[in-house]
Amino acid sequence: MAYSNFKPTVWSKHIQLELPKFTVFKQDCDYKFEGEAKQGKRVKILGVSRPTIKKYVPETDIDAPETPPDTSVFLDIDQYDYFNYGIDDIDKAQATPGLMPALSEETTRGLAEAEDTFLAKVLALGAGFTSNSTSITTADAAKKAIDKLFVKLWDNGVSTKDKVTIYLTPWFYDLFSDRLEELKTDNDGLIAKGVLGLYKSARVKMSNNIYNDGTDDYIIVKTSKAAAYCNGIDKLEAYRPEKRFSDAIKGLNTYGGKVVRPKEVAVLKCHNS
């Protein structure tokens with residue numbers, strides 16, 4: 001990677017950074033399996049179904065014991081992203097202080113966007129309910145469609161006390177924003193997490209990493225326990241390439257995600273036309 005070759009080039013002290021995308025999915029997942037995942041590449045997450053509640057008739061035999069269905073799922077650490085870049089010694093000698101931190105920041109953003117895009121697809125394709133393809137062009141249509149997703153979640157046992165998040169594309173948020181309850185001035189913590197407002201007590205976030213199947217965006221409403229996620233940078237190495245006069249750094253990021261409670265995810269497939 002060369003940024004300059006000769007002394008006559010003057011390096012600006014101002015370093016341009018790529019605009020970050022709205023990365024929001026990762027922070028709203030269940031991380032409690034991460035410690036176990038780092039011990040291997042697959043975690044079996046046990047699930048149990050509710051036993052049948054039956055009426056007892058005095059002085060009669062009860063039914064034989066039932067075996068509740070196994071609802072276990074596997075969370076695989078099966079995503080692998082890497083980076084590898086270097087700076088020639090000549091360039092490094094002329095480099096503005098802060099170049100390496102800037103590259104590090106861009107690398108962090110790139111990794112975060114890759115993880116966020118992955119999670120958006122996992123949630124979109126693992127939802128317990130997905131609507132038919134729908135054209136959404138008005139604020140009223142947007143509200144009506146979101147309301148239907150809430151009804152689906154409530155029918156599945158999600159309560160108004162559960163932590164629920166709505167993920168919208170920029171164009172959908174533009175239609176829907178007038179329906180949101182504004183955050184109070186003391187909600188700096190929520191604002192820092194990308195929360196733009198509240199609707200039916202759910203947090204509303206915007207993302208440009210929303211999954212799109214080529215026709216429809218997948219607007220998501222989910223609880224905080226609906227998906228499990230695990231990640232960690234397995235390797236980070238600084239080195240000197242053998243055939244270059246340069247310093248380089250490479251890293252490997254591994255992660256995985258799974259919808260573990262499909263009934264707590266509802267998706268609206270929609271387009272703005």
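Trainee: Which backbone atom does the side chain of Ser131 reach?

Mentor: The side chain of Ser131 reaches the backbone nitrogen of Lys269, at 3.0 Å. A polar contact is a pair of N or O atoms within 3.5 Å, where within protein one must be able to donate a hydrogen and the other to accept it, and residues adjacent in sequence count only if both atoms are side-chain atoms. Residues are numbered from 1 along each chain as its sequence is written, and side-chain values use heavy atoms, with hydrogens and water left out.

Trainee: Where does Ser131 lie, and what does it touch?

Mentor: Ser131 lies in the loop between strand E4 (129–130) and strand E5 (134–135). Helices (H or I, at least four residues) and strands (E, at least two) are DSSP runs, numbered from the N terminus. Not counting residues up to four places away in sequence, Ser131 touches Val267, Leu268 and Lys269, where contact means heavy atoms within 4.5 Å.

Trainee: Why is Ser131 called buried?

Mentor: Buried means under 20% relative accessible area, exposed over 50%, and partly exposed in between (1.4 Å probe, protein chains only). Ser131 has a relative accessible area of 13%, so buried is the label.

Trainee: And what makes Lys200 partly exposed?

Mentor: Its relative accessible area is 38%, so Lys200 gets the in-between label. Lys200 is found in the loop between strand E7 (195–199) and E8, and touches Asp147, Phe150 and Trp154, leaving aside residues up to four places away in sequence.

Trainee: Which residues have the most contacts inside the largest nonpolar core?

Mentor: Those are Ile146, Phe150, Ile166, Leu168, Phe172, Phe176 and Tyr199, in a core of 23 residues. The term covers a set of buried Ala, Val, Leu, Ile, Met, Phe, Trp, Tyr and Cys residues joined through side-chain atoms within 4.5 Å. Helix H4 (139–155), strand E6 (164–168), helix H5 (170–176), strand E8 (202–206), strand E9 (217–223) and strand E12 (265–271) each supply at least two residues of this core. H4 gives the largest share, six residues. A second, separate core of 22 residues includes Leu119, Ala127, Tyr218 and Val259.

Trainee: What does Ile146 touch?

Mentor: Setting aside residues up to four places away in sequence, Ile146 touches Ile166, Leu168, Phe172, Phe176, Tyr199 and Ile219.

Trainee: How do you know that Ala266 is buried?

Mentor: Its relative accessible area is 0%, so Ala266 falls under the cut-off for buried. Ala266 sits in strand E12 and, apart from residues up to four places away in sequence, touches Phe129, Leu149, Leu153, Ile219, Ile220 and Val221.

Trainee: What makes E6 a mostly covered strand?

Mentor: Five of its five residues are buried. In a regular strand the side chains alternate between the two faces of the sheet. Here both faces are covered: Val164, Ile166 and Leu168 on one side, Thr165 and Tyr167 on the other, all buried.

Trainee: Which strands does E6 pair with, and in what sense?

Mentor: Four bridges join E6 to E9, and those two run antiparallel, with Val164 standing opposite Thr223. With E8, E6 pairs in the parallel sense over four bridges, and Ile166 has Val204 as its partner there. Two strands pair if DSSP finds at least two bridges between them, so both cases qualify.

Trainee: How confident is the predictor, and where is the pLDDT below 50?

Mentor: pLDDT is the predictor's confidence in each residue, from 0 to 100. The protein averages 86, and 89% of the residues score at least 70. Residues 3–7 are below 50, and that stretch has 13 contacts in the model beyond near neighbours in sequence. Where pLDDT is low, the predicted coordinates should not be read in detail.

Conventions: This is a predicted model: local features need pLDDT of at least 70, side-chain atom pairs count only at pLDDT 80 or more; totals for chains, interfaces and linings use all residues.
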